[in-house]
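Take a moment with the model below.

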Amino acid sequence: SEDVLSKDAGECAICLEELQQGDTIARLPCLCIYHKGQVFLRMDIKFQEDAFMGCIDEWFEVNRSCPEHPSD
């Protein structure tokens, strides 16, 4: 399900960027959370046109399970 993060929650296991209050997230059935939709990756500032990605969206294009719980 899609949600807005109400408080900082560590790092996204896919992009390794911090999950910050106000970020749009996807909460999987296992309760893991990841960035959802377009997220600006601060480490790619010099490539701003390529610096956006939807972590969980891109993950699910090639994977069918949670990155942290592949057997679920």
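In this predicted model, the side chain of H35 makes a polar contact with the side chain of D23, at 3.4 Å. The H35 side chain also reaches the backbone oxygen of E18, again at 3.4 Å. H35 sits in strand β3, which covers residues 33-35.

Is H35 buried or exposed? Its relative accessibility is 1%. Buried means under 20%, so H35 counts as buried. Leaving aside residues up to four places away in sequence, H35 touches a list of others. Among them are C12, C15 and E17, along with L19, T24 and I25. G54, C55 and I56 are touched too.

Now turn to the charged pairs. How many salt bridges does a search of the whole structure find? It finds two.

One joins the side chains of R27 and D3, with 3.4 Å from N to O. This pair links distant parts of the chain: R27 lies in strand β2 (residues 24-27), D3 in strand β1 (residues 2-4), and they are 24 residues apart. R27 is partly exposed, with a relative accessible area of 31%. D3 is partly exposed as well, at 34%.

The other joins the side chains of K36 and D57, at 2.8 Å from N to O. Here too, distant parts of the chain are linked, 21 residues apart. K36 is in the loop between β3 and β4 (39-40), while D57 belongs to helix α1 (residues 55-62). K36 counts as partly exposed at 24% relative accessibility. D57 is partly exposed at 29%.

How values were computed
Residues numbered from 1 in each chain as written. Predicted model: local features only at pLDDT ≥ 70, side-chain atom pairs only at ≥ 80, totals over all residues. Heavy atoms only, no water. Helix = DSSP H or I, 4+ residues; strand = E, 2+ residues; numbered from the N terminus. Buried < 20%, exposed > 50% of the residue type's maximum accessible area, 1.4 Å probe, protein only. Polar contact = N/O pair within 3.5 Å; in protein donor to acceptor, adjacent residues only side chain to side chain. Contact = heavy atoms within 4.5 Å. Salt bridge = Lys/Arg side-chain N within 4 Å of Asp/Glu carboxyl O.
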